[in-house]
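Visitor: I would like to learn how to read a helix contact and a pocket. Could you take me through them slowly?

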Amino acid sequence: MTKYILALDQGTTSSRAILFGHDGRPHCIAQQEFRQIFPHSGWVEHDANEIWESQLAVARQVLQQAGVGPEQVAALGITNQRETVVLWDRATGAPVTNAIVWQDHRSAALCDELRKQGREALFQQKTGLVVDAYFSGTKLKWLLDNVPGARERAGRGELAFGTVDSWLIYRLSGVHVADVSNASRTLLFNIHTLAWDEELLALLDIPSSLLPWVVPSSGIVAETRPGLLGAAIPIAGIAGDQQAATFGQACHRPGMAKNTYGTGCFMLMHTGQEAIASANNLLTTVGWRIGSRTDYMLEGSVFNAGAAVQWLRDGLGIIRSSDEVEALALTVPDAGGVYFVPAFAGLGAPYWDAYARGTMVGISRGTTSGHIARATLASIAYQSADVLEAMQKDASIRLTELRVDGGAARNDLLMQFQADVLGVPVVRPMVTETTALGAAYLAGLAVGYWHSQEEIGAQWQVQKRFEPAMSEDERHGRLGEWRRAVQKAQHWLAHG
């Protein structure tokens, strides 16, 4: 009987389920989008029940499409949008309110206050994170302070908090857990002791009774309720989406790095079993924990990558689908001096400016939609170049290649420009579903479906390699102009 690993890939705009075979190739894929809710400027929410219902639906759909019975699923792995906060009733499993999404900036003022109090160094030393509204802890505090009755109910132990991995596992099994990679993104978890930090919980006035039990990224933690998928299936792999993609890209050794091009853009570099503190506004994060070994990463988070292309489609209407952006950009030889900083809800690494806003400079009477499309793609590459420069300074490692994945990694124009502005080769693998693949690998390792990271690494194959073709002078000139444009976008709300 052929066995598979089922990966649930719960993303920011859609839920997906993918069945992987032993060769690490996708056997069958199902996907379902769900609503994005924008109650106020800078606020982004999801209906947690829609997340669950869409994820369960695609899990059932992919098994049905593939003609695979639950007894053929050796294990289930989960990967998820990180930092998004769900608060639910322990007794009923019902969400107390909408989930607050990682992109949401409603807790920016609270972060400002923590910085004024001089708390940032404490948080950074313990969690590896900067104090920013991006992370879960201040979102959770906002919910406790602003949802009627939530703080009182939390104090009585009636409520549960979780990132999306915890929410899905709770609905699948009734077990309340989070893996170390997701816990490390909350501003509440000490990445050195690998435990929730009582001092930080006290600072944010968050009761520990809300929190999930923290487990390794690879290991059987629960089984699905038999009625959901037709039989009980071991839940054996869990990782936040970017850590999962790094594992799926076989970046298992120090100095290896990947960049995922999704709604946002996320670059992670493996730094070994040592948590390297960043001096350049990057994040230090747990990559994964397998057995007694914890691997750490440096990470740079870009908030708007694919989201900028979606804006061309939904906001400006100059393309009908995101796939059309490359053809439109190719109608012009370059961006014509236009620079676009897509700071729709602030800037991430290495700027961390919640008050920046989207800015386009260099527009002339001759600017066309093709120039704007080209500038949009370039903005994704420029933001990634800013992150890599900071990363190489922190790690004292010169990158030899960048492995890429995510939807926009299929765009050859973008990948070539990325190689040009980085000055290092960009390598796209045969299997670009690396986020789900990473979760599948973590689950498969736990049940003996795969036997070692070396076996997994040997399955990674190159689909296309993009070599840098831009001169050093041109590269530095373009990056200099880009950074001038970023300065125009920064602190806009604070000054406006």
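This is a predicted model: local features need pLDDT of at least 70, side-chain atom pairs count only at pLDDT 80 or more; totals for chains, interfaces and linings use all residues.

Visitor: At what angle do helix H13 and helix H14 pack?

Guide: Axes are lines fitted to C-alpha atoms, for helices over the stretch in contact, and angles run from 0 to 180 degrees between N-to-C directions. Here H13 (residues 369–395) and H14 (residues 412–422) pack at about 40°, their axes lying 9 Å apart. That makes H13 oblique to H14, since angles under 35 degrees count as roughly parallel, over 145 as roughly antiparallel, 65 to 115 as roughly perpendicular and the rest as oblique.

Visitor: Which residues make the contact?

Guide: Contact means heavy atoms within 4.5 Å. Among the residues making it are Arg-374, Leu-377 and Leu-388 of H13, and Leu-413, Phe-417 and Leu-422 of H14.

Visitor: How much space lies in the second largest pocket, and which residues lie nearest its centre?

Guide: On a 1 Å grid over the protein atoms alone, a pocket is an open set of points where a 1.4 Å probe fits, with protein on both sides within 12 Å along at least five of seven lines, and lining residues have an atom within 4 Å of a point. About 270 Å³ of space lies in this one, where a volume is the space filled by probe spheres set on the points. Its lining has 19 residues, with Asp-334, Ala-335, Arg-374, Phe-417 and Arg-478 nearest the centre. H13 gives the most to that lining, with 5 residues.

Conventions:
Residues are numbered from 1 along each chain as its sequence is written. Side-chain values use heavy atoms; hydrogens and water are left out. Helices (H or I, at least four residues) and strands (E, at least two) are DSSP runs, numbered from the N terminus.
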